[in-house]
Amino acid sequence: MAKGEGKLIANNKKAYHDYFILEKYEAGIVLHGTEVKSLRIGQCSIKEAFIRVEDGEIFIYGMHVSPYEKGNIFNKDPLRVRKLLLHKNEINKLFGKMKEKGNTLVPLRVYFSGSLVKVEIGLAKGKKQYDKREDIAKKDQKREAQREFKVRNLG
């Protein structure tokens, strides 16, 4: 995977549990200096974050970037709304797909790509309760098969 290489800052495992991920996009994010320093030491959470398209621009809400401890007056609000950077045609394409029933945008992970902070966002469709149970059952079966394989090969 050429895109998305780099140091992982935050991962949203809950998104994969709650949604079917249809498409993935890589977006830049507008940050201030102390926020970048805070991200470098891994102070970020996107568990409760969500993404909206407004007036042809795309924003992430609920992304928590802890204040940098040496930042004092330069620190910004940890939960402030941050603008994501995508090409205009990508934003229009996402906006069109979000109009379809059940589609939403969720942040999947935040990472460094070189010196730049990137957010991987996913076009997602919500899972029903029985879909979640099915996924858990498959995961349990896979884990059980791995365990049996190990036991067979050790003995």
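## Aromatic pair

Tyr 61 is buried, with a relative accessible area of 17%. In this predicted model, a search of the whole structure finds one aromatic pair. The rings of Phe 50 and Tyr 61 have centres 5.2 Å apart and planes at 5 degrees, so the pair counts as stacked. Planes under 30 degrees apart are classed in this way.

Phe 50 belongs to strand β4 (residues 50–54) and Tyr 61 to strand β5 (residues 57–61), so the pair ties together parts that are eleven residues apart in sequence. Phe 50 is partly exposed, and its relative accessible area is 34%.

## Charges over rings

Tyr 61 also has a charged residue over its ring: Arg 52 lies over the face of Tyr 61, at 5.4 Å from the ring centre.

A further case involves Tyr 111. The charged end of Arg 109 sits over the ring of Tyr 111, 4.5 Å from the centre of that ring.

## Helix α2

Helix α2 covers residues 33–40, and its buried residues are Thr 34, Glu 35, Ser 38 and Leu 39. Seen down the axis of α2, these buried residues fall within an arc of 145 degrees, so they line one face of the helix.

Which strands do the buried residues of α2 pack against? They pack against β1 (8–11), β3 (44–45), β6 (64–65), β7 (82–85), β8 (103–113) and β9 (116–126). After α2 comes Gly 42, whose phi is positive, near 80 degrees.

Conventions:
Residues numbered from 1 in each chain as written. Predicted model: local features only at pLDDT ≥ 70, side-chain atom pairs only at ≥ 80, totals over all residues. Heavy atoms only, no water. Buried < 20%, exposed > 50% of the residue type's maximum accessible area, 1.4 Å probe, protein only. Helix = DSSP H or I, 4+ residues; strand = E, 2+ residues; numbered from the N terminus. Arc of directions from axis to C-beta. Contact = heavy atoms within 4.5 Å. Phe/Tyr/Trp six-rings, centres within 6.5 Å; stacked < 30°, edge-to-face > 60°. Lys NZ or Arg CZ within 6 Å of the ring centre and 35° of its normal.
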